[in-house]
Amino acid sequence: MTQKFAKKNEIYLNTFDLNNIILHITIAIQRIRNGYQFQTKDNRFNWKSSKFAQELLNEVEKSQKSFKFPDEDLVSLGLVIDGSVSRWTIDMKDNISKETLNLIKSILSYVRSIYRIDLTGPEFLNQFGIHVSRLIQRLKSGKSIQNPMATQMKAQSPTVYECAVLISHKIASQVGVEVPDNEIAYIAMHIGNAIAKQIEDNERLKVIIVVPDYQDKFLSIVDQIDKNFNNELSILKVVTEETDLSEKVDFLITLKNKINIDLPFVQISPFLTRTDNGNIRNKIEKIVNTKKQLTFDHQIGSFFDERFFKINRNLKDKENVINYISDVFYEENITKKDYREDLFERERMSSTAFGKIAIPHSLEMKALNTKGFIYINPHGITWGANKVYLVFALAVKKQDSEMFRNIFDRLSDVMTEGKNIATLVQSTSYDDFLNKLKSMM
């Protein structure tokens, strides 16, 4: 349906554009079907959206039995649709106050300093700017829109959700109203694709392709490799001899029978068969996993100190666990006294429980030393609406922000698997726990 109206209006939607529109419309429909909607006025189409947006939303209403979008949704969805068309440039000054624009610039600068992620592209700025503007209006009027995907998004994308929490904290500081979980999840939706793309780009492996000569036949293979593995590989150059190598690379792809250099390589046939593609894929996965494992092993040993490992059945609720960890960190000169309140402030924004684990940490990286605390209660800890069995408390200095992200990402990946948590909770000592954790990476 969306593509049909796009074609009618001579609009090109790339995959990102299309997914963004469909996701917002789907969530709006589900939210309204669940009975949550704003008051609808009689003059329903007095809003500044394009003909494309109006026709699309009209058709969506017709396709849904006894269904109407409220005015607030028509305005928001219209802006989302128009802001999702890659070749259109929406002047944010027409829709967003100067104060909000300055806030957005401050937010994106903050995200860049913590996550090393640049979200300042014009497409993202347009869509996110409109969303933040509408969000601030809702917060000031005491309204909030439901997001049926909030719980799922938090559990499946902890890193993206955590970035959304940091952004929400900045917004709440300006507005003076806390941002609820449902709204945080919408922020996560906006930043998710952008963050995932940049993380993907940063993690692409560097390769050089070695071919016997520069015949067109071999160059077409290079094009095919680039097409098949564009998200995973960055092809630095094509050479005829491995002696021509100067850049630091992760591995070579070669059509030659023999390589006279000590580097990992994949030999492929002149026809780039399914087997060749499979071999390249296997090499990518092996090198990526090895890199992550080496980085994590190096960081994890120093980050999780044996002094800060505890198996205990006595502390059964979030407050007592946070108080205990905060006291230990303060006594060991890891954090200042305000670390305790920093943890509770972060919990008030959105619970740090992800399924059966919790990863409490402060919004600001101001620890005296970078350390993690592991607390296990095999009988469970009441953590808001969750029951957790394993707690990773993080205290991080600003200089170690990259370490924080690496460890948070890796822990989040491991902890999405229930069987991993069950295994770790059965640990009997610090060494036993660390060995099990490393084996899961």
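## An aromatic cluster

Phe 303, Phe 304, Phe 309, Phe 392, Tyr 430 and Phe 433 form one aromatic cluster in this structure, which is a predicted model. Strand E5 spans residues 304-311, helix H11 covers residues 274-303 and strand E9 covers residues 386-397, and these elements return in the description of the sheet below.

## The sheet and its strand order

Five strands make up an open sheet in the order E5-E8-E9-E7-E6, and the pairing within this sheet is mixed. Strand E5 (304-311) and strand E6 (353-354) are the edge strands, and because each has a single partner strand, one side of each is left without a neighbour in the sheet.

E6 and strand E7 (residues 357-358) run antiparallel and are joined by 2 bridges, with Ile 357 in E7 as the bridge partner of Phe 354. E7 pairs with E9 in the parallel sense, again over 2 bridges, and here Ile 357 has Leu 390 in E9 as its bridge partner. E8 and E9 run antiparallel and are joined by 10 bridges; within E9, Leu 394 stands opposite Gly 372. The hairpin formed by E8 and E9 has 2 residues between the strands, and Gly 384 takes a positive phi near 65° there.

## Helices against the sheet

Helix H11 (residues 274-303) lies across E5, strand E8 (366-383) and strand E9 (386-397), and the direction of H11 is at about 65° to E5. Helix H14 (residues 401-415) also packs on the sheet, where H14 touches E5, E6, E7, E8 and E9, and the direction of H14 makes about 165° with that of E9.

Leaving aside residues up to four places away in sequence, Arg 346 touches Glu 162, Val 165, Thr 352, His 361 and Leu 363.

Helix H8 (residues 158-175) packs with H13 at an angle of about 100°, the axes being 10 Å apart, which means that H8 is roughly perpendicular to H13. Glu 162, Val 165, Ser 168 and His 169 of H8 make the contact with Glu 345, Arg 346 and Met 349 of H13. Sorted by class, this contact of H8 with H13 has 2 nonpolar, 2 polar and 3 charged residues.

## Aromatic pairs

How many aromatic pairs does the structure hold? The structure holds 13 aromatic pairs. One of these is formed by Tyr 324 and Tyr 375, whose ring centres are 6.1 Å apart and whose planes are at 65°, so the pair is edge-to-face. Because Tyr 324 lies in helix H12 (residues 318-331) and Tyr 375 in strand E8, the pair ties together parts that are 51 residues apart in sequence. Tyr 324 is partly exposed, with a relative accessible area of 27%, whereas Tyr 375, at 0% relative accessibility, counts as buried.

Phe 404 and Phe 408 form a tilted aromatic pair, with 5.6 Å from centre to centre and 35° between the planes. Both residues of this pair lie in helix H14, 4 residues apart, which is about one turn of the helix. Phe 404 has a relative accessible area of 6% and is buried, and Phe 408 is buried with a relative accessible area of 1%.

Conventions. Residues are numbered from 1 along each chain as its sequence is written. This is a predicted model: local features need pLDDT of at least 70, side-chain atom pairs count only at pLDDT 80 or more; totals for chains, interfaces and linings use all residues. Side-chain values use heavy atoms; hydrogens and water are left out. Two strands pair if DSSP finds at least two bridges between them. Contact means heavy atoms within 4.5 Å. Axes are lines fitted to C-alpha atoms, for helices over the stretch in contact, and angles run from 0 to 180 degrees between N-to-C directions. Angles under 35 degrees count as roughly parallel, over 145 as roughly antiparallel, 65 to 115 as roughly perpendicular and the rest as oblique. Ala, Val, Leu, Ile, Met, Phe, Trp, Tyr, Cys and Pro count as nonpolar, Asp, Glu, Lys and Arg as charged, and the others, Gly among them, as polar. Rings of Phe, Tyr and Trp (its six-membered ring) pair if their centres lie within 6.5 Å; planes under 30 degrees apart count as stacked, over 60 as edge-to-face and the rest as tilted. Buried means under 20% relative accessible area, exposed over 50%, partly exposed in between (1.4 Å probe, protein chains only).
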